[in-house]
Amino acid sequence: MEQYTHRLARWLNGRQHTVTVAAADDLRREASAPAVSVVQSHAPEAAVIGLTLRHDTLRATYDAPEVEAWWHAWLQEHRPDVIHVQSGYLTGGPLLAAAASLSIPTFVTLHDYWFICARFTLQHP
């Protein structure tokens, strides 16, 4: 997925599109951890947002109101033309919900089975 995202960002950048890539970099399980911490950087192809997220339950990996609120504020400020989600794990659900509330067009490329299987693979342990 990372290689696909990198090639896509490079291709879009080469056609004069502004690209931002966001990814969950780290997880915190402590209840005292902030819901979202952000590190921003810039690669030649795109602005990069690294997110550290507090996820202490399975539900929080797809339904995280504080993460959704963070995305909502970020989307209101930056108003992207379109959102392309590469993975549902950790940030996908909250991002899609925030984008829908702001009527920002979205599409999803599924690289795994996260939306229907919390193990990603449809395999039992």
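Which residue in β3 is the bridge partner of His-42? The residue is Ala-47. This is a predicted model, in which local features need pLDDT of at least 70, side-chain atom pairs count only at pLDDT 80 or more, and totals for chains, interfaces and linings use all residues. Residues are numbered from 1 along each chain as its sequence is written, and side-chain values use heavy atoms, with hydrogens and water left out.

Helices (H or I, at least four residues) and strands (E, at least two) are DSSP runs, numbered from the N terminus. Two strands count as paired if DSSP finds at least two bridges between them. Strand β2, residues 36-42, pairs with β3 in the antiparallel sense over seven bridges, and the two form a hairpin with four residues between them. Strand β1, residues 20-28, pairs with β3 in the parallel sense over eight bridges; here Arg-28 stands opposite Arg-54 of β3.

Buried means under 20% relative accessible area, exposed over 50%, and partly exposed in between (1.4 Å probe, protein chains only). Strand β3 covers residues 47-54, and six of its eight residues are buried, so the strand is largely enclosed by the rest of the structure.

Helix α3 spans residues 92-101, and its buried residues are Gly-92, Gly-93, Pro-94, Leu-95, Ala-98 and Ala-99. The elements that cover them include α2 (65-78), β4 (83-85) and β5 (106-108). Just after α3, Ser-103 takes a positive phi of about 55 degrees.

Gln-3 lies in helix α1, residues 2-14. Gln-3 counts as exposed because its relative accessibility is 55%. From Gln-3 to Val-19 the separation is 16 residues in sequence and 15 Å in space, C-alpha to C-alpha.

Technical notes
Contact = heavy atoms within 4.5 Å.
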